[in-house]
Every structure is written in C-alpha cells, then in structure tokens.
Amino acid sequence: MRHSYATHLIEAGVDLLEVQQILGHHSILTTTRYTRLTHRTQDNAKARIDALMDRIAIGWGKVK
C-alpha cells in the first residue's frame, strides 16, 4: 500500500520532500524506494522538460 500511496502522491504533484515527511522517513532514499515511475509520471516529466527546452533559443555560436 505504501508504494501505491507514495506513487499517487507524486502523480498528484506532491513534492518528494513532502512525501518523505508524510511517510515519516528520515532519509530521502527510503522514500524513493516507495515511489514508482509510472507512464503518467514519465509523460508529465517529459512534457515539463520539453516546455523548458522550448524556451531556450540556440543558434550557431550563441545561446539566447
């Protein structure tokens, strides 16, 4: 149940450090053991990275 709960919290946009506190873990490494990368989470991460990269204009010899 903890794996599912932690994963659903992450998918809902709860920060990993918040999940750590909710689960009562002292180490973030313990919290990461309870989270799983789902297709939904992976797609959301990809979309956010793509949106950030779209803001960067790169040309030959210069970066804006």
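**Exercise 1.** Compare the reach of helix α4 with the span expected at 1.5 Å a residue, and state how many of its residues are buried.

*Solution.* Helix α4 covers residues 39-54 and has 16 residues, where a helix is a DSSP run of H or I with at least four residues, numbered from the N terminus. The expected span is 1.5 Å times one less than the number of residues, and α4 reaches 22 Å from its first C-alpha to its last, close to the expected 22 Å. As for burial, which means under 20% relative accessible area, whereas exposed means over 50% and partly exposed lies in between (1.4 Å probe, protein chains only), α4 is hardly covered, with one buried residue among its 16.

The model is predicted, so local features need pLDDT of at least 70 and side-chain atom pairs pLDDT 80 or more, while totals for chains, interfaces and linings use all residues. Residues are numbered from 1 along each chain as its sequence is written, and side-chain values use heavy atoms, leaving out hydrogens and water.

**Exercise 2.** Locate H25, decide whether H25 is buried or exposed, and describe its surroundings.

*Solution.* First, H25 is found in the loop between α2 (16-23) and α3 (28-33). Next, H25 counts as buried because its relative accessibility is 14%. Then, leaving aside residues up to four places away in sequence, H25 touches R2, Q20, T30, T31 and Y34, contact meaning heavy atoms within 4.5 Å. Finally, the side chains of H25 and T31 are joined by a polar contact of 2.9 Å, that is, a pair of N or O atoms within 3.5 Å, of which, within protein, one must be able to donate a hydrogen and the other to accept it, with residues adjacent in sequence counting only if both atoms are side-chain atoms.

Conventions. Helices (H or I, at least four residues) and strands (E, at least two) are DSSP runs, numbered from the N terminus.
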